[in-house]
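Dear colleague,

I am passing on the structure below, together with some notes on what I found in it. Please keep it open beside this message while you read.

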Amino acid sequence: MSGNIELLNTTLAAAKAADRAALIAYLPAGFPTVDGGIEAVKAVVAGGADVVEVGLPHSDPVLDGPVIQTADDIALRGGVRIADVMRTVREAYEATGVPILVMTYWNPIDRYGVERFTAELAEAGGAGCILPDLPVQESALWREHADKHGLATVFVVAPSSQDARLATITAAGSGFVYAASLMGVTGTRASVGAQAQELVGRTRATTDLPVCVGLGVSNAAQAAEVAGFADGVIVGSAFVKAMLDAPDEDAGLAAVRSLAGELAEGVRKR
């Protein structure tokens, strides 16, 4: 079975044709439970998310800030496994029909087996993977299997990336480019910063892929600001924080659906 990279491509193209940025939501699998995580994906899509990233919880993250680390710890203590991540992708995709990617560090895939992981992700209806710590020069095996199974390979670029490095990264990627708005880890911030706009401009000079910005966006005003210069707005910590702060799961689902609605309005006010 082929994965859903084409669905990802058409979804991002449709947002562009509508003269707006896409809203991309991130939620960890297994948080607060596996079933609860699936319901959370459904809730953000109901609120207006165009694309969803399902996080594969990891005990030693390099990009995730304290909010997502807390959620990952809850998921890992709950016994989440890669099979649960695949189930989350499958059930979320079947329920919503939107592109679902997995955001994961490389070690779990390496241990699980690249062929096994890509085949299972494609079979679950996944659209691809975001791989923040896989160096492009070491990515040939992954890309071979991802291409075979119809999966996008999304690499992360940062303000520190030199132009030549950007060109190397974007030439190897597919689906979209994840532009980290600043040097640091995920989390909500008062300002997204001018670095992000400069990085998007430099990245676009190297590729026709959509460039989507993450790290720091937490409200409609920030979403509108980023939507003014990016093809997609990625929001993670704000959704996870809404779930963490809620008194119970139902309230958490209502909170993330409401936040998705506000952010979806924001990306339409670019």
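How many residues does helix H2 have, and what distance does it reach from its first C-alpha to its last? In this predicted model, H2 runs over residues 34-47 and has 14 residues, and it reaches 20 Å between those two atoms, which is close to the 20 Å expected at 1.5 Å a residue. Just after H2, Gly-48 takes a positive phi of about 135 degrees.

Is H2 enclosed by the rest of the structure or open? Ten of its 14 residues are buried, so H2 is largely enclosed by the rest of the structure. Among the buried residues are Val-34, Gly-36, Ile-38, Val-41 and Val-45, and what covers the buried residues of H2 includes strands E1 (22-28), E2 (51-55) and E3 (100-103), as well as helices H4 (82-96), H11 (237-245) and H12 (249-267).

With H4 in particular, H2 packs at an angle of about 35 degrees, with the two axes 9 Å apart, and the crossing is right-handed. On the H2 side the residues that meet H4 are Val-34, Asp-35, Ile-38, Val-41, Lys-42 and Val-45, while H4 brings Asp-84, Arg-87, Thr-88, Glu-91, Ala-92, Ala-95 and Thr-96 to the contact. Sorted by class, this contact has six nonpolar, two polar and five charged residues.

Ala-227 lies 139 residues from Thr-88 in sequence and 28 Å from Thr-88 in space, C-alpha to C-alpha.

With best wishes

Conventions: Residues are numbered from 1 along each chain as its sequence is written. This is a predicted model: local features need pLDDT of at least 70, side-chain atom pairs count only at pLDDT 80 or more; totals for chains, interfaces and linings use all residues. Side-chain values use heavy atoms; hydrogens and water are left out. Helices (H or I, at least four residues) and strands (E, at least two) are DSSP runs, numbered from the N terminus. The expected span of a helix is 1.5 Å times one less than its number of residues. Buried means under 20% relative accessible area, exposed over 50%, partly exposed in between (1.4 Å probe, protein chains only). Contact means heavy atoms within 4.5 Å. Axes are lines fitted to C-alpha atoms, for helices over the stretch in contact, and angles run from 0 to 180 degrees between N-to-C directions. A crossing is left-handed if the near helix is turned anticlockwise from the far one by less than a right angle, and right-handed if clockwise. Ala, Val, Leu, Ile, Met, Phe, Trp, Tyr, Cys and Pro count as nonpolar, Asp, Glu, Lys and Arg as charged, and the others, Gly among them, as polar.
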